[in-house]
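Dear colleague,

Please find below the structure that I am handing over to you. My findings follow directly after it.

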Amino acid sequence: MSSVPVPNQRVLSGMRPTGRMHLGHYHGVVKNWVDLQHTHECFFFVADWHALTTHYEDLTRLEENTREMVIDWLAAGINPGSATMFVQSWVPEHAELHLLLSMITPLGWLERVPSFKDQQEQLKDRDLATYGFLGYPLLQSADILIYKAGMVPVGEDQVPHLEITREIARRFNHLYGREPDFAERAEQAIAKMGKKNARLYRDLRRRYQEQGEAEAIEVARALLESQQNLSIGDRERLFGYLEGSGRIILPEPQALLTRASKLPGLDGRKMSKSYHNTIALRDAPADVEKNIRTMPTDPARVRRTDPGEPEKCPVWQFHQVYSGQDVLDWVQTGCRSAGIGCLDCKQPVIDAVLAELRPIQERAREYEADPTLVQNVLNEGTETARDVAGETMSEVRRAMGLAYR
C-alpha cells in the first residue's frame with residue numbers, strides 16, 4: 001500500500017482489544033470498515049495503549065484479546081491486501097507525537113472533552129486519577145494526525161471528540177508551520193504545477209481570500225491532491241497558502257459519519273459483554289439458535305392467542321436489520337392479530353443470523369488453525385504504518401527544530 005498521504009482519502013479507525021467480537025461490533029463498526037476498504041486507503045489498528053487508560057491494572061488477557069479480535073476482523077472481511085492492520089503499541093511514533101503534542105495542548109482542552117466526566121461517572125470503581133486517562137483524547141489525536149487521516153468514521157455523538165484533534169492540528173500548524181521564506185517557497189511550488197493549473201490555483205486562492213468562496217477552497221484542495229509532480233511538503237505548503245497562513249504540517253481530519261447500529265442485545269438493551277446479552281461472531285450455531293429462541297418478547301403476549309405489538313419486542317429490532325419487507329409485513333400482521341406465535345416470529349431471524357455467521361466462522365477457523373497468519377498480517381501492517389508514521393514524524397521534528405541529530 002502506498003505511503004504517500006492522500007488527505008481526503010485516507011481513513012483511520014481503531015478499536016480497543018476486547019477479545020472476540022459480537023454482532024453489535026460487526027454491524028456498528030466492522031461492516032462499515034469492510035465497505036470503506038474498497039473505496040479509501042484504510043488504516044485499522046488495535047488500540048492497546050488506549051486499553052491501558054482505564055484498565056491498566058489487569059493486562060493478563062491483552063495479547064490474547066488482540067489476537068482474537070484481529071481474527072474476527074479478518075473473518076468478517078477486512079482484507080490485508082486492501083487495508084493496513086496493525087497494533088498501536090508496535091508503532092512507537094504514536095507515543096512520540098503524543099508527547100510532543102502534550103507540550104502545546106492546554107489542560108482545559110482535555111478537561112472539557114465530553115467523555116472525560118461521563119466515563120469518570122460510569123467507571124467509579126476504577127482509579128482514573130491518572131494523566132493517561134486525562135490525556136487519552138490527546139493520544140487519540142496523535143493516532144489520527146500521525147497518518148494525516150482525512151476522515152475518521154464516527155457516530156454523530158462522537159463528533160465533538162474529533163474537534164479536539166482539529167484544534168490541536170490547527171494550533172500545531174499555527175505554531176510551527178510558519179517558514180521564514182514560506183511565500184517564496186509556495187510560489188516556487190505553484191510553478192511546478194504547470195501554467196494552466198498554476199493559473200487555476202491562483203484564481204481559486206484569490207476567490208477564496210478576497211470573496212470568501214468556500215467552494216473555491218474545496219476545488220483548490222482537490223486540484224492539489226491531483227498533482228502528482230508535487231512533493232508532500234510542497235502540497236502541504238500550498239494547502240496552507242490557500243488560507244494565507246503557513247504550511248499545513250498536520251491536516252485537520254473530518255468526521256465520516258456512520259449510522260448507529262440498530263441491533264440490540266438479546267434483552268433489548270445495547271449489545272454489550274458487560275450485559276451478557278451478546279451473540280459472538282464465533283458462537284456455535286446451536287447456541288445462537290438457543291439464545292434467540294429464548295429472547296424476551298412483548299410482555300403483553302402472555303399466551304399464544306394474545307395479540308402483540310412488534311415495536312415493544314426486541315426481536316422486531318433484529319427483523320429490521322435482517323428481514324426484507326415481505327417478512328416485516330408478515331411479522332407486523334401476524335403479531336398484532338396473534339396469527340403467529342413468538343417462536344414463529346423468531347425463526348426467520350435465526351435463519352438469517354446463522355446464514356450471516358456461517359462464512360465468517362469458516363474463515364475464522366483458518367486463522368485459528370494457523371496463528372502465524374494473524375502474526376504475519378500484523379507484522380506487515382506495522383511495517384506499512386511505521387513507514388507513514390515515520391514520514392510524519394520527520395516533518396514534525398523538522399518543524400519543531402528537533403531534527404538536528
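In which hand does H15 cross H16? H15 passes H16 in a left-handed crossing, a crossing being left-handed if the near helix is turned anticlockwise from the far one by less than a right angle, and right-handed if clockwise.

Before the details, two remarks on the basis of these values. This is a predicted model, in which local features need pLDDT of at least 70 and side-chain atom pairs count only at pLDDT 80 or more, while totals for chains, interfaces and linings use all residues. Residues are numbered from 1 along each chain as its sequence is written, and side-chain values use heavy atoms, with hydrogens and water left out.

Overall architecture

The protein chain has 18 helices and five strands; helices (H or I, at least four residues) and strands (E, at least two) are DSSP runs, numbered from the N terminus. Its C-alpha trace spans about 80 × 45 × 45 Å along the principal axes. Of the 405 residues, 49% count as buried, where buried means under 20% relative accessible area, exposed over 50%, and partly exposed in between (1.4 Å probe, protein chains only). Among contacts with a separation of 6 or more, 78% come from residues 24 or more positions apart; contact means heavy atoms within 4.5 Å.

Helix H15 and its two partners

Helix H15 (residues 314–322) and helix H16 (residues 325–337) pack at an angle of about 160°, and their axes are 9 Å apart. Axes here are lines fitted to C-alpha atoms, for helices over the stretch in contact, and angles run from 0 to 180 degrees between N-to-C directions. H15 and H16 are therefore roughly antiparallel to each other; angles under 35 degrees count as roughly parallel, over 145 as roughly antiparallel, 65 to 115 as roughly perpendicular and the rest as oblique. On the H15 side the contact is made by Trp316, His319 and Gln320, and on the H16 side by Val327, Leu328, Val331 and Gln332. By class, this contact of H15 with H16 has four nonpolar, three polar and no charged residues. In this scheme Ala, Val, Leu, Ile, Met, Phe, Trp, Tyr, Cys and Pro count as nonpolar, Asp, Glu, Lys and Arg as charged, and the others, Gly among them, as polar.

H15 also packs with helix H17 (residues 342–369), at an angle of about 50° and with the axes 10 Å apart. That angle makes H15 oblique to H17, and the crossing of H15 and H17 is left-handed. Val315, Phe318, His319 and Tyr322 in H15 meet Cys345, Lys346, Pro348, Val349, Ala352, Val353 and Glu356 in H17. The residues of the contact of H15 with H17 divide into eight nonpolar, one polar and two charged.

Tyr26 lies in helix H1 (residues 23–36) and is buried, with a relative accessible area of 11%. Leaving aside neighbours within four places in sequence, Tyr26 is in contact with Lys31, Ala76, Leu281, Glu356 and Ile360.

Nine of the ten residues of helix H8 (residues 136–145) are buried, so H8 is largely enclosed by the rest of the structure. Among these buried residues are Tyr136, Pro137, Leu138 and Leu139.

Aromatic pairs

The structure holds nine aromatic pairs. Rings of Phe, Tyr and Trp (its six-membered ring) pair if their centres lie within 6.5 Å; planes under 30 degrees apart count as stacked, over 60 as edge-to-face and the rest as tilted. The rings of Phe43 and Phe86 have centres 6.5 Å apart and planes at 75°, so this pair is edge-to-face. It links distant parts of the chain, with Phe43 in strand E2 (residues 41–46) and Phe86 in strand E3 (residues 83–87), 43 residues apart. Both Phe43 and Phe86 are buried.

The rings of Phe86 and Tyr147 have centres 5.5 Å apart and planes at 50°, so this second pair is tilted. Here Phe86 in strand E3 is linked to Tyr147 in the loop between H8 and strand E4 (151–154), 61 residues away. Tyr147 counts as buried at 0% relative accessibility. Phe43, Phe45, Phe86 and Tyr147 form one aromatic cluster.

With kind regards
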